[in-house]
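Let's take a walk through this protein together, step by step. Have the sequence and the 3D view ready.

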Amino acid sequence: MIAAKNRKIEAALQGVNYVGRIMYPWEMLARGVKAGFADLIISPQPPFHFRLSSAGVMRARGQHDSLAEEAQRIGTFMWGRGIKKGITFQGRVYTEDFAPTMARLLGINAPLDATGRVLYEALETPPPLPGSLIKIEDQAAVMSGEAHRYQDEEASGGTAVNLREKHTALEFCGVPAAAQIIVRYAAIADCRLLLYINGRLIRPVFFPASDGRSFNYDTKRINFTLQQGDTIRFVLEETDPAGINIDCLFFRPSSSGDPRSSER
Ligand SMILES: [Ca+2]
């Protein structure tokens, strides 16, 4: 139904001079847009915009309605304390890099779900030396509820744990000090696990489906400042019947140049 409507709309817009690119749902998905975001995106052809001007007054200003290449890739400017002066960085940066960079400037850990990187190219602070990851296997975890350990040659150490029912939990005691937890997991459908540190609920953490197969492992990065000896507990909040499989956890140590441990 929607596909048929989309074809009609596209046919009606053929050759219209103010219409630029038309984007379909599968193209949106390929670009990382959430499913169901839109049936169709119609982008104007510069210099046109799909915005009504108030009282007929035309204004020149930036807009967000264009898929034109020159509007998708733009320059960025940073200034202030801790930022290098007078340099031009030619590499590509992404919008998701700004939150971790600002957090670094504030001396705190990146937001819990942040996936971007700190733009050290622009900072006076040099990047920290890469620390080696510390791994803790599923065998070290305490299970409760509808959890069972299974053999899998694709899993690190040959086993992983499947969590199925709501409230089922997996607990890791005595973890190392770290700035980031990396969870190796597999899930057929999107899942949500509640993250507890030392018995305190931090927040639900979203684990996207890992490529549609239960044994196809992926990683989830959780930015959180841990002290040596902390306890991490994951409690299943939302899942499909197949649940989520957790293979192991990696801990990225906070190096001397990294954020202070004030983040929570
Ligand atoms: Ca394992």
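**Loops first, then the core**

Start at Asn-198, which sits in the loop between β9 and β10 (200-207). Keep in mind that you're looking at a predicted model. The phi of Asn-198 is near 50°, a positive value in a residue that isn't glycine. Is Asn-198 buried or exposed? Asn-198 has 12 C-beta neighbours inside 10 Å, and 12 or fewer counts as exposed, so exposed it is.

Now hop over to the loop between β6 and β7, where you'll find His-167. His-167 also isn't glycine, and its phi is positive, near 80°. Count around His-167 and you get 12 other C-beta atoms within 10 Å, so this residue is exposed.

Pro-46 and Pro-47 are joined by a cis peptide bond, with omega about 10°. Most peptide bonds, by contrast, are trans. To find the spot, look for Pro-47 in the loop between β2 (41-44) and α3 (69-72).

Time to head inside. The largest nonpolar core has 34 residues, and Ile-181, Tyr-185, Ile-244 and Ile-246 are those with the most contacts inside it. Strands that give two or more residues to this core include β6 (159-163), β7 (169-175), β9 (191-197) and β13 (244-252). Which element gives the largest share of this core? That's β8, with 7 residues.

For a close-up, pick Ile-246. Leaving aside neighbours within four places in sequence, Ile-246 is in contact with Asp-138, Ala-160, Val-161, Leu-163, Leu-170, Val-183 and Tyr-185.

Key. Residues numbered from 1 in each chain as written. Predicted model: local features only at pLDDT ≥ 70, side-chain atom pairs only at ≥ 80, totals over all residues. Core = buried A, V, L, I, M, F, W, Y, C linked by C-beta atoms within 7 Å. Buried ≥ 20, exposed ≤ 12 C-beta atoms within 10 Å, placed from the backbone. Helix = DSSP H or I, 4+ residues; strand = E, 2+ residues; numbered from the N terminus. Contact = placed C-beta atoms within 7 Å.
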